[in-house]
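Work through these exercises with the structure at hand. Try each task before reading its solution.

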Amino acid sequence: MNRIAEFYKVSAAQFDREGYEDIKLPRRATVGSAGYDFFAPYDFTLDVGEEIVTDTGIRARIENGWVLVILPRSGSGFKYGVRLANTAGVIDSDYFNADNEGHIKIKLVGGSKRYEVKKGSAFAQG
């Protein structure tokens, strides 16, 4: 099967915060995983009802005619009620060449319980 997308880090200047060296590229947890896990490049906490924009430090080169859909991990939605502010993030194939280098940012909304994410933990999927 051909790959329709490849993940890269944005430049250090575009990330513009500590932890650039620790950014992990998205990857599938198992061969049967439906999506690629996105990992937190820094610790963050989301309180009930709070909104937070998470800089992933990631960009995706996507074949024309395809999109990347970003969703919360099913466990975080089920256990904590966490959701994306826009329900599902849609990354277009031409976003890679945007002025911000196609930096994928994920806006989360807190649900029923406080949600704590440690650097390096999977928190979303694409």
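**Exercise 1.** Which residues lie nearest the centre of the largest pocket? Then describe the lining.

*Solution.* This is a predicted model. Start at the middle: Ile4, Arg28, Ala34, Tyr36 and Gly126 lie nearest the centre of the largest pocket. The lining has 18 residues. Next, sort them by class: twelve are nonpolar, four polar and two charged. Now look for strands. Strand S1 (5-9) and S5 each supply at least two lining residues. S5 gives the most, with four. Last, the volume of this pocket is about 420 Å³.

**Exercise 2.** Which element gives the most to the lining of the second largest pocket?

*Solution.* Begin with the space: this pocket holds about 160 Å³. Its lining includes Asp37, Arg73, Lys79, Tyr115 and Gln125. Helix H2 (74-80) and strand S10 (122-125) each give two or more residues. H2 gives the most, with five. By class, the lining has three nonpolar, four polar and three charged residues.

**Exercise 3.** Find the order of the strands in the four-stranded open sheet. Why is one side of S2 and of S7 left without a neighbour in the sheet?

*Solution.* Read across the sheet: the order is S2-S10-S5-S7, with antiparallel pairing. Strands S2 (37-39) and S7 (89-92) are at the edges. Each has a single partner strand, so one side of each lacks a neighbour in the sheet. From one strand to the next, the twist averages 35°.

**Exercise 4.** What is the bridge partner of valine 69 in S7?

*Solution.* Take S5 (residues 67-72) first. S5 pairs with S7 over four bridges, in the antiparallel sense. Then follow valine 69 across to S7: its bridge partner is valine 90.

Technical notes:
Residues numbered from 1 in each chain as written. Predicted model: local features only at pLDDT ≥ 70, side-chain atom pairs only at ≥ 80, totals over all residues. Heavy atoms only, no water. Pairing = 2+ DSSP bridges. Axes fitted to C-alpha atoms, helices over the stretch in contact; angles between N-to-C directions. 1 Å grid on protein atoms, 1.4 Å probe; cavity = no way out; pocket = protein on both sides within 12 Å on 5 of 7 lines; lining within 4 Å. Points joined across faces, edges and corners; volume = space filled by probe spheres on them. Nonpolar A, V, L, I, M, F, W, Y, C, P; charged D, E, K, R; others polar.
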